Amino acid sequence: MKLKLFSTQRQIRNWLNDKNNTILDKHQTIGEFLNNIVVVKNRKFIDKDIRKIYLFKAIANLDISKLGFKKEFLSFANDSEFIFSFFKELFLERVNIYDVIMSDTYIEYEEHLNLLKEIKRNYSKLLEEDGYIDDFLIEEYEINEKLLEGIEEIEIHLDGYLSKFDAEVLKKVNKKIIIIVEVSKFNRSLIRKFLVDLDVGYKYKIDFNTNEILEKEIISNKSDIEVTHFSKRFDEINFVFAKIAEFVESGIEADKIAVILPDESFAEFLEEFDEFKNLNFAMGKSFTESQLFIKLEALYSYLVNEDEVSYLKINDILDNYQNIDLIEFIKSLAINKELELIDETLFKLKVFEKMFEDRKLFLHFIIERLKELSFDDIYSGKVTTMGVLESRGINFDGVILVDFNEGIVPNVNSKDLFLNSAIRKKAKLPTRSDKENLQKHYYHNLITKSKKVAISYVQNEKDIPSRFIYELGLELGENQDEKYNEVLYKFSKPKNIVYYDDEFEVKTPLYPTTLRTLLECPKKYYFSKILKIENDEEKEENFGTIFHKAVENTVKNRDKLNSENEYFEFIMNEIYQKMNSKKDIYEIRVNFEDSIQEFCKQDYEKMKYSEKNLREEPVNFEFENIKLGARIDRMDINEKSITLIDYKTSKSLKTDYIYDFQLTFYYLYAMQKYPTKTIKTAYWDIYKAEFIEIQPKIEELKEILQNLPTQIRVAEDVVVGDKTIKKASDICKYCDYKLACKGEV
C-alpha cells in the first residue's frame, strides 16, 4: 500500500472528493507524519502549554530583562513563544547555538545568545528530571516502524519546504519515498537545499533517496489576471462580491472560486456583508468570539485587576466560580454549540489541574488553550474563503485576492527574525528573504494555475501595493473607487445612510475635552457624545492612560518610596505590568524611560512632601451659570498654595492650542474651593521631562460660554441640515467619524 502525504487537511479533502468507490491509499498531512514517526525512548513529549511552566522555572535565577521580558508568569507565558520558536528553528536546521554565537561577527546579540543558551540548559535539565522531552531537545531518536507496517511507498505532495531535520528523518525511513514538487523562481533555492537543483516552471516527480528525476512536466500558465486598487479598504468588500458574481456569470462554478485573505481578520467584514450566505470560511470562526470565551476573559481580568468593567460582565457567575470545580464551572456556562467544541479539550486539560497551585493560573492556562479552537466553516456557502497557507496544493478556477499591500503580502512574523539576515546566512539559518520567497511561491501557484484572478490592494497616504506585484510582472491597475462603490447596496442604498434624528443638546457638566470637541466639530460631538458611537481603539489603554494610572498608584504608595530611584522603579514596574507585548515594552524603553527617570528626579520632592496628592479627582463647579466638570490629574496642596497638574505624554505638546481649556477648568475649580491659597496650573511634559506653568484663559472661556447658545444653533444647523464643515484638513484627515460625516457608511 502507498502512503500519501499532503500539506494540509483541506488538500486531503479535495483529493478524497475525486475518489468514488475506490480503494484508497493511506493518507496524512506531512506534519502529522513527521510528528508521529519520531520516537524518543523513555521520554514523553511535553504538552505545549505545560512546557511554559517548566520554562518559567528555567529562568528563575536569570536576568531575562535583557531579552525584554518581565519576570512575572502570565506576562512571560505570553512572550515564551519567542524563545520556543527560536530554539525550534535552530533544531530544525540542525544549527547549534554556538554556531550562531560564532556567526555574530559584530557581537550584536552576544548577551542575548548566551542568556538563551543558559535558559535552554536549565529547561532541558528540568524536563529530563521529570521524564519529558521537547521536540527541539531531541538528540537520539528512533523511527516508529509500526506506523510503516504495510506501507511499500511514501508519496509526498510537497508545497512547502523540508527542514534539515525533516530530510534527516525521511532518510532514516526505510521505504521508497517519492516527492512531487512544483518549482518556481521563488522556491527554487529552498528546494535545492534538500533536493537537486531543478529548473523553474516544471512539476517534478523525484526519488528522494537517489535524487533521480522520474517525471518532468511543464507547468502552463493559463490565468486571466486583473489588478485594481481602492482608496479605502471598505471598497474591497464590494470588489469581492462583485467579482464572485462576475466569475459565476462567466461560467465558473461557485465551488471552484476562492477568496484568499492574506490578513484573515478581513473575514469579519465579509461575513458581515454576506447577506445571502454565499461564502464558507475555511478558517472557521474563532472561539474567542463566543460569549463563553468573552465571559471567561472578563472573569480572569476581574480576578487579576478587580476592574469594574469586567465585574459588570461576570458578577452573576462569580459565586459559582468560587464554589464549584473549575472545569465543571466552565461547562455550566457553555451553550450546546460551545460545549460540543470544548468538551474534549476540557477533558484533556483536567489532568493538568494538579500542577497549578493558583486557581487563577489554571484558568489562564485553559483560556490560552481555548484561544486555539474555532467553530467549523461558517455557513454552507459554496465560495471558499481562506488564508494563503490553507490554499496550498489546491487549484481553483477563480481566485479573488484582497489586501495585496506591502507589509501584508508577503508577511513574515517578526518573532521569526530574531537575528539579522547576515548572521542567519552565515549560520545557515533561513533568512527573511527565504521566508518571504516561500510565501511568494504559494501566491504564485494560486495566481498562475487559475483561469481568472482578481487582485485588489489599497493605495492612499498610508498604504502602498506589495512589491510582489512587480515581481509577478503585473501592472498596478487602475483605481476603481467609483465603479465598485455601489455594489453592496446597488438597489437599496440611499444617498446618505447616516440620519440625524436626535435632538442636539449640550450635556452638563461640560468637561474640557467635550467643549473642545464641540468647538472643533459639532458633527464629531454629535457622533461621539449624543449617539455615543465609540472608537474601538480608544477603548484600549494607550500609553498616556497607562502612565496616568501608574503615577496614581505610585502616589498612593508614596510613604514606601525613599528616593528618586525608588520612585522611578515603582512607576516603571506599574507601567510594564500593563504592557501586552515585548514590542510595547521596547518602545517605551526607547522613547520614554529616560524621560520618566528625569521626571522622577524633578518631581520626587513635590510628590513626596506636598500636603495632599490627588489623581484623576472628578470635580464639579459652576461658571457663567453653566455646570462644568473636570478630572484633575493631580493637586499638590500645602499651607499657602495649590498646584494643579495635568500630565501630558505626547511627543509634541502644544501649550497654545486655542480650544484647550483643561488647566483653566482646574484653576476655576480651585479658585472657588480654595479662595485663600495661591493657585498655580501646570503641565508635566513627560516626553521632554519639563514642568511648564500655564496661565489660565479665563476671559476667553467666559466669552465662549456666553456665546454657547449661538454655538449650539450653529451646531444644529450643521448636524440636522447635514452641512459639511469647512475645517483645516488636519482636523478631518484622521477623524474616526469621517465616513459617517460624508454619509458613506
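1. A salt bridge here is a side-chain nitrogen of Lys or Arg within 4 Å of a carboxyl oxygen of Asp or Glu. Asp 134 and Arg 51 form such a pair, with their closest N and O atoms 3.1 Å apart. Asp 134 sits in the loop between β5 and β6 while Arg 51 belongs to helix α3, so this contact ties together parts that are 83 residues apart in sequence. Both Asp 134 and Arg 51 are buried. Please keep in mind throughout that this is a predicted model.

2. How many salt bridges does the count come to? By this rule there are 46 salt bridges.

3. A second pair to look at is Arg 369 with Asp 47, whose side chains meet in a salt bridge at 2.7 Å, N to O. Arg 369 lies in helix α16 (residues 359–370) and Asp 47 in the loop between β4 (44–45) and α3 (50–58), so parts that are 322 residues apart in sequence are tied together. Arg 369 is buried, and Asp 47 is buried too.

4. Arg 424 and Glu 89 also make a salt bridge, at 2.9 Å from N to O. This pair links distant parts of the chain, with Arg 424 in helix α17 (residues 421–426) and Glu 89 in helix α4 (residues 73–92), 335 residues apart. Arg 424 and Glu 89 are both buried.

5. Now to the rings: the model holds 43 aromatic pairs. One of them is Tyr 123 with Phe 136; the ring centres are 5.9 Å apart and the planes stand at 20°, so the pair is stacked. Tyr 123 comes from helix α6 (residues 110–129) and Phe 136 from the loop between β5 (132–133) and β6 (142–143), so the pair ties together parts that are 13 residues apart in sequence. Both Tyr 123 and Phe 136 are buried.

6. Is the pair of Phe 599 and Tyr 647 stacked or edge-to-face? With ring centres 6.3 Å apart and planes at 85°, Phe 599 and Tyr 647 are edge-to-face, because planes over 60 degrees apart count as such. Phe 599 is in helix α27 (residues 593–609) and Tyr 647 in strand β24 (residues 641–648), 48 residues apart, so distant parts of the chain are linked. Both Phe 599 and Tyr 647 are buried. They belong to one aromatic cluster, whose members also include Phe 543, Tyr 567, Trp 684 and Phe 691.

7. Strand β24 pairs with β25 in the parallel sense over 8 bridges. Within that pairing, Thr 643 has Lys 680 in β25 as its bridge partner. Of the 8 residues of strand β25 (residues 678–685), 6 are buried, so the strand is largely enclosed by the rest of the structure.

8. Lys 57 lies over the face of Tyr 54, at 5.4 Å from the ring centre. Lys 697 does likewise with Phe 661, lying over its face at 4.8 Å from the ring centre.

9. An open sheet of 7 strands runs in the order β13-β16-β12-β17-β18-β11-β19, with parallel pairing. Its edge strands are β13 (279–281) and β19 (478–479), each pairing on one side only. Strands β12 (residues 257–260) and β17 (residues 398–401) run parallel and are joined by 4 bridges; there, Ala 258 is the bridge partner of Val 399 in β17. Helix α9 (residues 234–249) lies across β11 (224–230), β12, β13, β16 (383–386), β17 and β18 (452–458), at about 170° to β18.

10. Another open sheet has 6 strands in the order β2-β1-β7-β8-β9-β10, with mixed pairing. β2 (26–29) and β10 (212–218) stand at the edges with a single partner strand each, so one side of each is left without a neighbour in the sheet. From one strand to the next the twist averages 15°. Strands β8 (residues 176–183) and β9 (residues 202–207) pair in the antiparallel sense over 6 bridges, and Val 183 has Tyr 202 in β9 as its bridge partner. Helix α1 (residues 9–17) packs on the sheet, touching β1 (2–6), β2 and β7 (153–158), with its direction at about 150° to that of β2. Helix α2 (residues 30–37) touches β1, β2 and β7 as well, its direction making about 90° with that of β2.

Note on methods:
Residues numbered from 1 in each chain as written. Predicted model: local features only at pLDDT ≥ 70, side-chain atom pairs only at ≥ 80, totals over all residues. Heavy atoms only, no water. Phe/Tyr/Trp six-rings, centres within 6.5 Å; stacked < 30°, edge-to-face > 60°. Helix = DSSP H or I, 4+ residues; strand = E, 2+ residues; numbered from the N terminus. Buried < 20%, exposed > 50% of the residue type's maximum accessible area, 1.4 Å probe, protein only. Lys NZ or Arg CZ within 6 Å of the ring centre and 35° of its normal. Pairing = 2+ DSSP bridges. Contact = heavy atoms within 4.5 Å. Axes fitted to C-alpha atoms, helices over the stretch in contact; angles between N-to-C directions.
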